[in-house]
Amino acid sequence: MVITGGIFWWSTTRKKDRPPEKFKLLRSAGETQRRCVQKTDENLFVYFFGGAFVPLVIASLVLLLVIRLPKRLVPVGAAVAVILFLLSTVCAVIVLLRFLSRRRNDLLGYLGERAAAEWLEPLKAEGYRIFHDVPCEGRKKNFNIDHVVVGPTGVAAIEVKTRRKKKGREGYEEHVVTYDGQQLVWPWGEDRCGIDQLLSESDWLRKFIYNRTGLRVDPKPILALPGWWVTERVVGAFRVASHKMVPKIVCDWKPQPLTPEQIDLISRQLDERCRDVED
């Protein structure tokens, strides 16, 4: 592997070739999740290789020390080697399971954002501009807005949460989630998954547009739940809907008309922010 890597590096350096230009592409739907899945796939071999051989290496090193011990201590040393082998194996299994679970969840999130993006695509024919995975800076850590739509009826900030269906409580349908005005009622319980995050993202986008353009625009916060039948008992400061209903909400809910010039001005700021894909 070292020899092959060295030959490849030498041959590519010797050619002195380069791309025709330094490409900076717009972020695609689920760009952050795609990068997470890609990084996981790149590390897959390392995790499996390490999980398989680290326990063996630990046990072997201990046994090498054991053979130098007095004979009466050899059984004790061998027992220690076995215990360390078992403990390291358990640790390796736990790490691998978490690693695979994280990849599984990242892939699901990526597919959910792609699904939402496909339903937003027809809005382009009606004069809307769509930006995916918009990078943002927060006080404690950076984050991203899954989709931002800019068009004749205003600006929308869309957060996508893709959750698996599972067995629910008695009396609750397994495919239905309800927003009761305070929280999301899932078949298995209640939480505020994505709500606070959505409101924070919408506030950041409002300030960003004002600071960059001087326009006072109130983005419409929309929480999209792909694959779920969503019921809203209360319609308040934001909307909760299936990803298939998001385009209609973008067009019809709380319209804040923008002129073509305003649409172009806001879009240019978002375009500049999202154009950072080089790999």
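This is a predicted model: local features need pLDDT of at least 70, side-chain atom pairs count only at pLDDT 80 or more; totals for chains, interfaces and linings use all residues.
## Packing of α2 and α3

Helix α2 spans residues 31-66 and helix α3 spans residues 74-120. The two pack with their axes 9 Å apart, at an angle of about 175°. Angles over 145 degrees count as roughly antiparallel, so α2 is roughly antiparallel to α3. Sorted by class, the contact between α2 and α3 has 25 nonpolar residues, 8 polar residues and 6 charged residues.

## Aromatic pairs

The count of aromatic pairs in the model comes to 9. One of them is formed by Y47 and F99, whose rings are stacked, with 4.0 Å from centre to centre and 15° between the planes. Y47 belongs to helix α2 and F99 to helix α3, so this pair ties together parts that are 52 residues apart in sequence.

The two partners can also be described by their accessibility. Y47 is partly exposed, and its relative accessible area is 30%. F99, at 2% relative accessibility, counts as buried. Elsewhere, ring pairs link F45, F49 and F53 into a cluster.

## The largest pocket

Rolling a probe the size of a water molecule over the atoms shows where empty space is left. The largest pocket has a volume of about 400 Å³. Its lining consists of 20 residues, and those nearest the centre of the pocket are Q33, N105, G109, V160 and K161.

Several elements give two or more residues to this lining: the helices α2, α3 and α4 (195-213), and the strands β3 (143-151) and β4 (154-160). The most comes from α3, which gives 5 residues. By class, the lining of the largest pocket has 9 charged, 7 polar and 4 nonpolar residues.

## Residues with positive phi

Most residues other than glycine have a negative phi. D133 is not a glycine, yet has a positive phi of about 55°. This residue lies in strand β2, which covers residues 129-136. The relative accessible area of D133 is 0%, so D133 is buried.

K254 is another residue other than glycine with a positive phi, here near 45°. K254 is placed in the loop between α5 (246-252) and α6 (260-274). With 49% relative accessibility, K254 counts as partly exposed; the cut-off for exposed is over 50%.

## Buried positions and distances

V148 is found in strand β3. V148 is buried, and its relative accessible area is 0%. Along the chain, V148 and V230 are 82 residues apart, and their C-alpha atoms are separated by 21 Å.

P226 lies in the loop that runs between β8 (220-224) and β9 (229-232). Although P226 is in a loop, its relative accessibility is 10% and P226 counts as buried, since buried means under 20%. P226 and L199 are 27 residues apart in sequence, and the distance between them in space is 19 Å, C-alpha to C-alpha.

Definitions and conventions
Residues are numbered from 1 along each chain as its sequence is written. Side-chain values use heavy atoms; hydrogens and water are left out. Axes are lines fitted to C-alpha atoms, for helices over the stretch in contact, and angles run from 0 to 180 degrees between N-to-C directions. Helices (H or I, at least four residues) and strands (E, at least two) are DSSP runs, numbered from the N terminus. Angles under 35 degrees count as roughly parallel, over 145 as roughly antiparallel, 65 to 115 as roughly perpendicular and the rest as oblique. Ala, Val, Leu, Ile, Met, Phe, Trp, Tyr, Cys and Pro count as nonpolar, Asp, Glu, Lys and Arg as charged, and the others, Gly among them, as polar. On a 1 Å grid over the protein atoms alone, a cavity is a set of points where a 1.4 Å probe fits but cannot get out, and a pocket is an open set with protein on both sides within 12 Å along at least five of seven lines; lining residues have an atom within 4 Å of a point. Grid points are joined across faces, edges and corners, and a volume is the space filled by probe spheres set on the points. Rings of Phe, Tyr and Trp (its six-membered ring) pair if their centres lie within 6.5 Å; planes under 30 degrees apart count as stacked, over 60 as edge-to-face and the rest as tilted. Buried means under 20% relative accessible area, exposed over 50%, partly exposed in between (1.4 Å probe, protein chains only).
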